[in-house]
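Subject: Structure handover

Hello,

The structure is placed below for you to keep.

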Amino acid sequence: MANPLHAPILAPSLLASDHARLADGAGLVERLRIPWLHLDIMDGHFVPNLSFGPETLASLRRDGVKLFFDTHLMLERPDLYIEAFARAGADRLSIHIEPAYDVIGTLTRIREMGKHAGIVLNPGTPAVAIEALLSQVDLVLVMTVQPGFGGQAFRRDQLAKIAEIRDLRDQRNLTFRIEVDGGIDLANAAQCRAAGADAFVVGTSFFKAADPAAFAAGIAAL
Ligand code: DX5
Ligand code: ZN
C-alpha cells in the first residue's frame with residue numbers, strides 16, 4: 001500500500017480560476033464536496049509573481065466559503081504576515097524553508113494561533129533541510145515545479161524526495177501529510193501517491209478540465 005496513513009485529498013488551487021470570479025471558483029469546489037481549497041500567496045520577491053493577499057481570503061469567508069483554506073505563503077518574510085492570514089481565515093499556513101527568517105519560531109506561532117502548520121521545499125532543496133522540523137508540522141509540501149506560476153510541467157525528479165520524506169516520517173512514527181504542488185495531473189499524481197504523497201494541489205488540470213468532477217473522482221481513487 002502506498003500510504004496507509006491518509007486517504008488521498010485534492011486541494012484545488014484557486015490561482016488557476018478566473019480572478020474576477022474567485023468566489024465562483026471556490027463555489028465549484030464546494031459543490032463537488034471537496035473539503036480543501038489551496039491559496040497561493042506570492043510577494044514578487046521570493047517568487048517573481050504577485051497573486052492575492054489576506055483581504056482575498058477574508059472576502060471569500062464573508063461570502064460564506066467554509067472550505068479548509070490550505071494557504072501556501074511564497075513570501076520572503078512569511079513571519080511578518082502569518083497573523084494577518086490567520087485573522088483573514090486561513091486554516092493551514094505553509095511556509096518555505098528557503099528564505100532567511102526564524103522558521104521554528106514562525107511554525108510555533110502558527111500552532112499557538114490554533115492553525116495547522118506546513119513546511120514547503122522548492123525543487124532544489126533537499127529533504128535534509130527540513131529533517132529537524134518534522135515533528136513540528138502537520139504537512140510537508142514538496143514543490144514539483146519552481147514556484148511562481150501555474151501551468152508549468154511536473155518535475156519527475158522530485159519523486160525520490162517524496163519517498164525520502166515518507167521514509168523519514170514512518171521511521172519516526174510521525175503522521176504529517178505529504179502534499180505535492182505544481183503540474184499535477186492524474187498520471188503523475190499516481191506516481192506521487194506511490195512515492196508517498198497523499199495531498200494533491202491542482203490548478204490547471206482541475207479548473208481547466210472539461211469535467212472537474214471526474215478529475216476529483218480520479219484523485220479520490222488513487
Ligand atoms: C505554483 C503554485 C501552485 C500552482 C499549481 O507556484 O504554488 O499551487 O497554482 O498550479 P498548476 O496545477 O497549474 O501547476
Ligand atoms: Zn501552491
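Predicted model: local features only at pLDDT ≥ 70, side-chain atom pairs only at ≥ 80, totals over all residues.

Helices (H or I, at least four residues) and strands (E, at least two) are DSSP runs, and they are numbered from the N terminus.

Residues are numbered from 1 along each chain as its sequence is written, chains are lettered from A and ligands numbered from 1 in the order in which they are written, and side-chain values use heavy atoms, with hydrogens and water left out.

The ligand

Which residues come nearest to ligand 1? Of the 20 residues around it, these are Asp40, Gly148, Asp181, Gly183 and Thr204. Here a residue is near a molecule or strand if one of its heavy atoms lies within 4 Å of it.

For Gly148, a backbone N or O atom lies 2.7 Å from an oxygen atom of ligand 1. For Gly183, the distance from a backbone N or O atom to a ligand 1 oxygen is 2.8 Å. Gly203 likewise has a backbone N or O atom 2.8 Å from an oxygen atom of ligand 1. Taken alone, ligand 1 exposes 380 Å², and the protein buries 99% of that. Accessible areas come from the Shrake-Rupley method with a 1.4 Å probe; for residues, only the protein chains shown count as cover.

The space taken by ligand 1 is the largest pocket. On a 1 Å grid over the protein atoms alone, a pocket is an open set of points with protein on both sides within 12 Å along at least five of seven lines, whereas a cavity is a set where a 1.4 Å probe fits but cannot get out; lining residues have an atom within 4 Å of a point. A molecule sits in either one if more than half of its atoms lie within 2 Å of its grid points.

β2 (36–42), β3 (68–74) and β8 (199–202) each supply at least two residues of the shell around ligand 1. The largest share, three residues, comes from β2. By class, the shell has eight nonpolar, 10 polar and two charged residues. Ala, Val, Leu, Ile, Met, Phe, Trp, Tyr, Cys and Pro count as nonpolar, Asp, Glu, Lys and Arg as charged, and the others, Gly among them, as polar.

A histidine in β2

Is His38 buried or exposed? His38, in strand β2, is buried, because its relative accessible area is 1%. Buried means under 20% relative accessible area, exposed over 50%, and partly exposed in between (1.4 Å probe, protein chains only). The His38 side chain makes a polar contact of 3.0 Å with the side chain of Asp40. Another polar contact, of 3.5 Å, joins the side chains of His38 and His72. A polar contact is a pair of N or O atoms within 3.5 Å; within protein, one must be able to donate a hydrogen and the other to accept it, and residues adjacent in sequence count only if both atoms are side-chain atoms.

Loop residues

Most residues other than glycine have a negative phi. Phi of Asn173 is positive, near 55°, and Asn173 counts as exposed because its relative accessibility is 68%. Arg33 has a positive phi near 60°. Arg33 is found in the loop between α1 (22–31) and β2 and counts as exposed at 76% relative accessibility.

Lys66, in the loop between α2 (54–62) and β3, is exposed at 70% relative accessibility. Leu80 lies in the loop between β3 and α3 (82–88) and is exposed at 52%. Leu80 and Val103 are 23 residues apart in sequence and 12 Å apart in space, C-alpha to C-alpha.

Regards
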